[in-house]
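Please read these notes alongside the sequence and the model. They are set out as numbered points.

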Amino acid sequence: MPGQAGAGVNDFLYIEVSRLILDHKRIVLDLTDLHHMDSMGLGALIRLYVSTRSAGCDLELINLGKRIRQLLGITNLLSVFTVIGENGVKIT
């Protein structure tokens, strides 16, 4: 189902982003169309965060919807990720 990060999307997301880590110092995930994320989706984001940090790469999130922002806030992960807004402006 579009707009969700769950079981079927996690491996695909991790594999695709992992391919970029070695060749890039900054990766931006645009979450514009993401409206729901389950625990497996959170796990995939954390796994990507750890992989990028270990490789000296920055992982940034852009265009967080209200529900995704709330979920990251409740789980205390909002402060872990660099969140940027429109035109690449960092949101603190």
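1. Glutamate 60 and arginine 26 form a salt bridge, with their closest N and O atoms 2.8 Å apart. The term salt bridge here means a side-chain nitrogen of Lys or Arg within 4 Å of a carboxyl oxygen of Asp or Glu. Glutamate 60 belongs to strand β4 (residues 58-62) and arginine 26 to strand β2 (residues 26-30), so the pair ties together parts that are 34 residues apart in sequence. Helices (H or I, at least four residues) and strands (E, at least two) are DSSP runs, numbered from the N terminus.

2. This is a predicted model, in which local features need pLDDT of at least 70 and side-chain atom pairs count only at pLDDT 80 or more, while totals for chains, interfaces and linings use all residues. Residues are numbered from 1 along each chain as its sequence is written, and side-chain values use heavy atoms, with hydrogens and water left out.

3. Are the two partners of this pair buried or exposed? Glutamate 60 is buried, at a relative accessible area of 11%, whereas arginine 26 is partly exposed at 46%. Buried means under 20% relative accessible area, exposed over 50%, and partly exposed in between (1.4 Å probe, protein chains only).

4. The whole structure has 2 salt bridges. Arginine 19 and glutamate 16 form a salt bridge too, the closest N and O atoms being 3.0 Å apart. Both residues sit in helix α1 (residues 7-21), 3 residues apart, or about one turn of the helix. An α-helix has 3.6 residues a turn, so residues three or four places apart point the same way. Arginine 19 is exposed, with a relative accessible area of 55%, and glutamate 16 is partly exposed at 33%.

5. Strand β4 has 4 of its 5 residues buried, so it is largely enclosed by the rest of the structure. It runs parallel to β2, to which it is joined by 5 bridges; strands count as paired if DSSP finds at least two bridges between them. Arginine 26 stands opposite aspartate 58 in β4.

6. β4 also runs parallel to strand β5 (residues 82-84), with 3 bridges joining them. Here leucine 61 is opposite valine 83 of β5. From β4 the chain passes through helix α3 (residues 66-74) to β5, and this β-α-β crossover is right-handed. Right-handed means that, with the strands pointing away from the viewer, the path from the first strand over the helix to the second runs clockwise.

7. Glycine 65 lies in the loop between β4 and α3 and is partly exposed, at 26% relative accessibility. Its C-alpha is 8.1 Å from that of aspartate 33, though the two residues are 32 apart in sequence.

8. Helix α2 (residues 39-54) contains threonine 52, which is buried at 0% relative accessibility. Its side chain reaches the backbone oxygen of tyrosine 49 at 2.9 Å. Such a polar contact is a pair of N or O atoms within 3.5 Å; within protein, one must be able to donate a hydrogen and the other to accept it, and residues adjacent in sequence count only if both atoms are side-chain atoms. Leaving aside residues up to four places away in sequence, threonine 52 touches Ile21, Ile27, Cys57 and Leu59, where contact means heavy atoms within 4.5 Å.

9. At the start of α2, a side-chain oxygen of aspartate 38 comes to within 3.0 Å of the backbone nitrogen of methionine 40. Just after α2, glycine 56 has a positive phi of about 75 degrees.
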